[in-house]
Amino acid sequence: RRDHATKLGIDFEQSDSRIPLEDSAVGHCAKTLEPLYTPRTKESKFKLHKKIHAMGLNTVLTTPILVNGNKFAGCLNMGLVEEDALTKHDQLLVKDIAAILGASIYAKRMQRAIEASNRVSQELLHSFIPPKVLGKIECYWDVESEEYQSLSRRSSRGSLASSRRSSMSSFDDDTDADAEGKKSRRARWQEVKGQLSFVNGIEAVGDDNIGVTIDTSAIDFDQGTGGVTQALYAEDFEQVCIVFTDIVGFSKISLDLAPIEVMDMIQALFSRFDEVCDLYGVLKLETIGDAYLCSTGLMEEDDNKNDDGGRDAAMRALDMARDMVLAAYEVRVPRSQSGETLQIRVGIHVGPITAGGLGHRMPKFSCFGSAENMAAR
């Protein structure tokens, strides 16, 4: 009855609203994981039942809500005026309701876990292969797709089409498969297609399909063991600006520091660099020890920027480099008595590079070329 519940709530507010589980019906259910039926509250050993009896409720049923069948999450409490008012059948019905509530709680917890897992998967995926590269990989292998044909026609140098045809020629004759385990063109496309389906499934998870579980059945994680596989994707780019930076005196600084101090210091620096990348639309490529590598003008959709001879890419790279230097001054060297902060070197160069997806167990977007070598120097 509503007035009983209200009165009970008022009493709780006037005192400590936290009721200890010990020596209570709820505590009993938490220990036994079984319902507790009290047909006569006046005869109960629990103090709260005495209070309930004084309010006019003579029957109480306390039913535990269990998550995953064995984890206590709370209770359903039902009070009635009549003594011994519930039959065995009534008690079973209430137990079924509690089971449904427990299943609902479990499902929501699983959904949150899946959402968190998918977010982590997306972040890990993007840390290895940028989103723009995923579409290029599919075009690179599926020569029958409209995207591949369009990309081939737009390529003035024909590097993508010619390189792919030449590399695919070794796959066309299935009878020439050698001892090194080279696969046919069709078999290789099916493997890449399975991998792309997996990563595209991760990429597609968002607010519109919350709780979706990624299907990994399309991927043979043991494929290619002991054999030689082909690169996932490769393409030449012109007028790409590479920014390469490392910490001045890093070896000397880290010599007397604990491993966690070194990692925290680098983390503090690189997290600032990541924010600057987002600010100027710079693509982070990779980190190697204390070195941080990023670029502008690489796989950027604005064609107007790509026709200016790399000027826009270079200007954004200079802005990036300036803010990176300033960000380094914000990071203190651990254990420094004088409050010394980090200093970095920054190298920038504009030129051609070759980029692609490399790796089997842990595919990664990689690039190399004279621009990267010059920036590192």
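Arg322 and Asp319 both belong to helix α12, which spans residues 311–328, and they sit 3 residues apart, about one turn of the helix; helices here are DSSP runs of H or I with at least four residues, strands are runs of E with at least two, and both are numbered from the N terminus. This is a predicted model, in which local features need pLDDT of at least 70 and side-chain atom pairs count only at pLDDT 80 or more, while totals for chains, interfaces and linings use all residues. Residues are numbered from 1 along each chain as its sequence is written, and side-chain values use heavy atoms, with hydrogens and water left out.

Arg322 forms a salt bridge with Asp319, with 3.4 Å between the closest N and O atoms; the term means a side-chain nitrogen of Lys or Arg within 4 Å of a carboxyl oxygen of Asp or Glu. Arg322 is partly exposed at 44% relative accessibility, and Asp319 is partly exposed at 24%, where buried means under 20% relative accessible area, exposed over 50%, and partly exposed in between (1.4 Å probe, protein chains only).

## A network around Glu83

Salt bridges that share partners join Arg40, Lys42 and Glu83 into one network. The side chains of Arg40 and Glu83 meet at 3.5 Å, N to O, and this pair links distant parts of the chain, 43 residues apart, with Arg40 in the loop between β1 (36–38) and α3 (47–54) and Glu83 in the loop between β3 (71–80) and α4 (88–128).

Lys42 also forms a salt bridge with Glu83, at 3.6 Å between the closest N and O atoms.
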